[in-house]
Amino acid sequence: SSSKRTLRTLFCPAALPPPVISEISPSQKKLLAYHRDKEQQEMINQLLVDQALEVYSITMDETDERDAAPPITELPSTVRKPLKILSFQAEYLFLKKCVQSNPMIPIQQEWLTSMLTMVPHSLREGRDRELLTEDLLKEIVRDYEMSMQRCVLRRALVKPDIEELNKLEDEAPLPLLPLGLDFSSTWRNSYIKAKKQINSTLRILHPTMKALLDFGYTAFFNFLVVDFSDSRLKGPVDCKSFKNDASLSCSKAEDKIMSTWYQRVIGLFSQSEALDGVKLDQLESFCNCVSVLMSNQVKELLQRATEVFVKLFDPEDRSRLPLFKMDLTCDEKRMEFYPSLQDLEEAILSVVDCIGQTLQNIQTIGAWLTGGTENLDAELPAHIAEWAKSTLTKSIRDNLEGPKEHFKGYVESYGWLVDGTAEERINRFVAEQPSFDEYT
């Protein structure tokens with residue numbers, strides 16, 4: 001064969017159909033000729049496509065110049081389409097090769113170091129482990145470069161929708177979903193369902209709730225159930241008075257809150273406008289929302305009062321530390337503090353219990369409307385009470401180190417006068433019947 005082939009040398013000459021002589025009508029002859037021409041045209045088109053593909057393949061193999069290939073526009077319409085597909089495929093592969101040949105940004109060394117820190121040091125000790133670590137880092141770098149290359153390629157080129165191109169490209173598949181996890185159901189349906197449910201039951205958006213928030217902010221802002229911030233200025237106080245003052249303060253605070261804040265809340269729900277837009281079957285859930293809001297406000301008040309009280313005993317700031325009156329007594333042949341250090345600690349911790357027992361008998365709005373006896377859940381959170389007592393216990397013991405050392409000095413210097421040692425020495429001296437000079 002010649003070194004250069006053309007369409008003229010490759011295409012076979014079209015063979016005319018043999019004449020068919022039969023005695024048929026002119027209309028039948030016309031119909032048979034139409035079917036015969038249609039079948040022959042399909043055969044010729046298929047032959048043209050096969051030969052065109054062969055021509056294009058040979059031309060691309062024999063020359064590196066793209067202009068050497070026969071112009072697509074000079075081919076028949078039945079040949080131009082497959083040649084155009086081949087042209088798109090060749091151009092895409094050429095551009096893909098250009099993109100892949102560009103240098104990629106290398107992985108940062110800090111990233112590799114950070115990844116290695118996640119591996120326990122014991123797993124990286126030894127020669128074999130070091131080699132394994134190197135292989136692991138090489139695999140990470142290889143995966144990183146491959147991922148970057150695929151990302152850049154997808155951003156730079158649009159892959160043609162050609163079936164043959166998918167067979168030529170040897171690309172790794174995308175990562176599979178984790179085993180054991182079911183992502184078949186999307187979140188959209190559940191999100192829409194939850195959103196509708198929230199919109200139908202979210203009572204906090206009701207105007208009455210805004211009024212409740214305003215009442216609570218006005219009544220509780222800067223209000224303390226127990227305030228001992230100026231206790232140090234009043235001088236030393238005994239433990240019993242300290243406990244009584246705390247109890248009296250809590251009682252007065254409760255009376256004030258019930259006569260101001262709670263009365264305003266009751267007055268609000270005495271008006272029919274407070275329940276505008278609330279259906280009868282929604283009244284219970286609406287009242288529950290009101291109870292939760294009021295409960296949160298009362299709990300926040302008690303929590304803030306507890307935190308302020310604990311802060312008074314901060315060892316690093318003794319400017320507001322309360323002063324307590326303690327007596328040093330000598331009774332029953334021993335010296336001791338009165339009240340004892342344990343009683344002092346219990347008196348201080350009792351204030352936390354006193355705060356937690358305040359405002360515990362507030363009737364809910366639902367009970368007030370229906371004549372029930374249910375009260376608000378206004379109990380001081382258990383973790384707050386536990387934190388307050390543990391913090392106060394440590395602070396009290398730290399602050400009592402000085403009095404303990406003072407007491408220890410008294411015992412060492414004068415304890416023998418009250419524990420019977422002095423009396424025993426006197427009796428022994430008298431029993432020895434000393435002389436007058438020894439007496440003197």
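Glutamate 139 counts as partly exposed, because its relative accessibility is 40%. This residue is found in helix 5, which covers residues 127–156. The model is predicted. A search of the whole structure finds six salt bridges.

**Negative patch**
- Glu134, Asp135, Glu139 and Asp143 form a negative surface patch.
- Glutamate 139, one of its members, sits within helix 5.

- Arginine 304 pairs with glutamate 300 in a salt bridge, with the closest N and O atoms 3.5 Å apart.
- The two residues are four positions apart in helix 10 (residues 283–311), so about one helical turn separates them.
- Glutamate 300 is partly exposed, at a relative accessible area of 41%.

- Arginine 397 forms a salt bridge with glutamate 345, and their closest N and O atoms are 3.6 Å apart.
- Glutamate 345 belongs to helix 11 (residues 341–356) and arginine 397 to helix 13 (residues 382–399), so the pair ties together parts 52 residues apart in sequence.
- Arginine 397 is partly exposed at 45% relative accessibility.
- Glutamate 345 counts as buried, because its relative accessibility is 9%, under the 20% cut-off.

- Aspartate 398 forms a salt bridge with lysine 394, with 3.2 Å between the closest N and O atoms.
- Both residues lie in helix 13, four residues apart, or about one turn of the helix.
- Lysine 394 counts as exposed at 55% relative accessibility, whereas aspartate 398 is partly exposed, with a relative accessible area of 32%.

Terms used. Residues are numbered from 1 along each chain as its sequence is written. This is a predicted model: local features need pLDDT of at least 70, side-chain atom pairs count only at pLDDT 80 or more; totals for chains, interfaces and linings use all residues. Side-chain values use heavy atoms; hydrogens and water are left out. Patches are made of residues with over 30% relative accessible area and no salt bridge: like charges are joined within 9 Å, nonpolar side chains (Val, Leu, Ile, Met, Phe, Trp, Tyr) within 5 Å. Accessible areas come from the Shrake-Rupley method with a 1.4 Å probe; for residues, only the protein chains shown count as cover. A salt bridge is a side-chain nitrogen of Lys or Arg within 4 Å of a carboxyl oxygen of Asp or Glu. Lys and Arg count as positive and Asp and Glu as negative; His and the chain ends are not counted. The place of a charge is taken as NZ of Lys, CZ of Arg, CG of Asp or CD of Glu. Buried means under 20% relative accessible area, exposed over 50%, partly exposed in between (1.4 Å probe, protein chains only).
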